[in-house]
Structures are given as structure tokens and as C-alpha cells.
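Me: I would like to go through the aromatic side chains of a protein model and check the reason behind each label.

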Amino acid sequence: MRPNISEIRYFETYYFANIVNNILNDPFEYLRSLNDFFGDENYVNFIEPFPKVSRLHDFISFIIDSINYDDTKEAENESFLNGKRKLWIELALEHYELEYDSFQDWLKEKDKNISQAIDDDIADYFRDLMFYGPYEELLEKMSEEIFFILFLNRQTLQRFNQLISHQIQDKELDELNQEDLPYFRKNGVLKRVNIPKWVQRAVLHRDRGMCASCNKDVSGQISIGEIGNFDHIIPLAIGGINDVTNIQLLCENCNKTKQAKNIPTSIKYEKWY
Ligand SMILES: [Zn+2]
């Protein structure tokens with residue numbers, strides 16, 4: 001099988017990874033804006049098992065998007081109108097070699113020049129990029145890169161899944177849409193499903209074949225005594241979801257001790273050398 005290679009171009013990747021991380025560390029600070037993502041009726045976005053574009057990808061896109069939108073409204077406009085040559089969004093699109101109409105060209109079409117540009121123009125331009133331009137593609141590429149970094153951080157994954165679990169926990173079967181019922185086992189609990197091979201491989205590699213709690217080798221390659229268990233970081237029983245970001249590798253023993261409890265995931269990682 002050919003490896004699945006993705007290009008990593010690092011355009012403000014750490015900046016956004018840091019923001020996502022901070023938000024997950026202290027979600028109550030941001031609760032109002034996060035409601036658009038985690039809000040009440042959004043549970044439907046979390047019930048389908050193991051989408052390849054994980055919920056964390058979605059969340060990262062959501063965060064980049066809201067930051068872009070805020071920037072478009074405020075600081076960036078000012079600095080742009082004071083002589084900065086390009087908008088942030090243009091720099092990003094350029095970095096990823098995506099084709100787009102520059103703001104200058106866009107203004108020309110509207111018979112305006114930069115000195116006449118106002119905040120509303122920037123917002124309109126931005127909207128055009130969103131609906132007709134490569135903005136979606138940009139979000140996809142950026143979220144893929146930021147995911148690449150954050151997927152290594154089990155603590156962040158746990159916090160993220162914890163927030164989602166509140167949505168699932170609250171759901172009573174009789175208030176669900178008919179088509180969502182098959183995903184649930186009972187009130188507030190999603191059904192257990194087979195963990196796809198691609199999820200198993202990703203988690204096995206991320207956790208380097210070691211139990212994420214006691215670091216025992218469970219790859220079956222060095223010590224054949226034991227093969228790892230794929231464990232839901234936030235257990236299904238308390239609202240955990242079936243998502244690649246909610247799975248970790250545990251040894252038999254740690255898995256048994258944990259059972260349906262939400263035990264903090266380990267923050268220990270093997271050094272590169
Ligand atoms: Zn263990």
C-alpha cells in the first residue's frame with residue numbers, strides 16, 4: 001500500500017494550533033462563540049462513527065474561520081488600509097499556491113482603488129472567496145496541518161472529546177430525530193462499533209505501540225505476550241464518541257482498571273532518541 005502523504009507547508013500552523021489548544025484548555029472563556037460548534041442541536045455532527053475528516057478537523061476549521069472573520073472586521077482592515085499590501089487571506093492562499101482573484105483585481109472590477117476601499121469591501125471580498133473562491137480548500141489544507149500536530153497531544157484530544165461528550169450525554173432517545181436513533185444504544189450513549197483498520201493503524205503509530213497509560217509494549221512485535229486494546233479516551237458510557245481523536249492504545253490491565261471511567265490520559269511520550 002502506498003503511504004498517504006500530505007504536504008506540510010507550515011503557514012501559521014503553530015499559531016492556530018496554539019489558539020485551538022488554549023481554547024480547549026479554557027473553553028468557558030469562549031463558551032458563547034463555541035456554542036456554534038458544540039451547541040445543543042449540533043450533536044448530529046458527532047454521531048456518525050469514524051469519519052475520516054475527524055471532528056477535530058472540523059473544529060480547527062471552525063476556529064480558523066471565526067478568527068479570519070474577526071480579523072477581517074477589525075485589526076487587519078486597519079493595517080491594510082494603512083498601507084499593508086496584502087490581506088492575510090491573500091498571503092495564506094498564496095502560500096498554499098491556490099489560485100484566487102487578488103483584492104486589487106476585485107476592486108478594479110468594482111471600479112474602485114485601494115484608497116477608496118472600506119471595511120465593507122474587505123468583508124465582501126472575503127465573502128466572495130468563501131462562496132466562489134478557494135477558501136474551503138484553504139481551510140482543508142490548514143486544518144490538515146494543524147491536526148497533524150494536535151493529534152499527537154492526547155490531553156488536548158481528551159479535552160476536546162470531553163466538550164463533545166456533554167452534547168451526547170444529555171440526549172434522550174425520545175427527543176432524537178428518527179434517523180439519528182440507530183446511532184444510539186440508549187439515552188446519552190452511542191453504540192459501540194468496530195474500530196476501522198485505518199483508525200487502529202493511526203492510533204498504534206501515534207502511541208508507538210505502547211500502552212498510553214503505563215507505556216508497556218503492546219504492539220505484538222517486540223513482546224508477543226499482549227496485543228493492545230483500542231480504548232475510547234472519553235468512554236462511550238459517559239457520552240464519548242466514535243472518532244479517531246477519541247481512541248488510544250491501552251494494555252489489557254490498564255483497560256480493565258479504566259473500564260467506563262474517565263481517567264486522565266497519560267502525558268508521557270517516548271522521546272525521539
Ligand atoms: Zn497499561
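Reply: The questions below concern ring pairs, charges over rings and a surface patch in this predicted model.

Me: Why is Tyr10 called partly exposed?

Reply: The relative accessibility of Tyr10 is 41%. Buried means under 20% and exposed over 50%, with partly exposed in between, so at 41% Tyr10 counts as partly exposed. Tyr10 is placed in the segment before α1 (13-25). Together with Tyr14 and Phe148, Tyr10 forms a nonpolar patch on the surface, with about 370 Å² of accessible area together.

Me: What makes Phe11 and Tyr96 an edge-to-face pair?

Reply: A search of the whole structure finds 21 aromatic pairs. For Phe11 and Tyr96, the distance is 6.3 Å centre to centre and the angle between the planes is 75 degrees. Phe11 lies in the segment before α1 and Tyr96 in the loop between α5 (88-95) and α6 (103-109), so the pair ties together parts 85 residues apart in sequence. Phe11 and Tyr96 are buried.

Me: Why is the pair of Trp106 and Tyr125 called edge-to-face?

Reply: The values are 5.7 Å centre to centre and 65 degrees between the planes. The limits are within 6.5 Å and over 60 degrees, so the label applies. Trp106 is in helix α6 and Tyr125 in helix α7 (residues 119-132), 19 residues apart.

Me: How do you know that the charged end of Lys110 sits over the ring of Trp106?

Reply: The charged end of Lys110 is 4.6 Å from the ring centre, and the distance limit is within 6 Å. Arg206 lies over the face of Phe151, at 4.7 Å from the ring centre.

How values were computed
Residues are numbered from 1 along each chain as its sequence is written. This is a predicted model: local features need pLDDT of at least 70, side-chain atom pairs count only at pLDDT 80 or more; totals for chains, interfaces and linings use all residues. Side-chain values use heavy atoms; hydrogens and water are left out. Patches are made of residues with over 30% relative accessible area and no salt bridge: like charges are joined within 9 Å, nonpolar side chains (Val, Leu, Ile, Met, Phe, Trp, Tyr) within 5 Å. Accessible areas come from the Shrake-Rupley method with a 1.4 Å probe; for residues, only the protein chains shown count as cover. A salt bridge is a side-chain nitrogen of Lys or Arg within 4 Å of a carboxyl oxygen of Asp or Glu. Helices (H or I, at least four residues) and strands (E, at least two) are DSSP runs, numbered from the N terminus. Buried means under 20% relative accessible area, exposed over 50%, partly exposed in between (1.4 Å probe, protein chains only). Rings of Phe, Tyr and Trp (its six-membered ring) pair if their centres lie within 6.5 Å; planes under 30 degrees apart count as stacked, over 60 as edge-to-face and the rest as tilted. A charge sits over a ring if NZ of Lys or CZ of Arg is within 6 Å of the ring centre and within 35 degrees of the ring normal.
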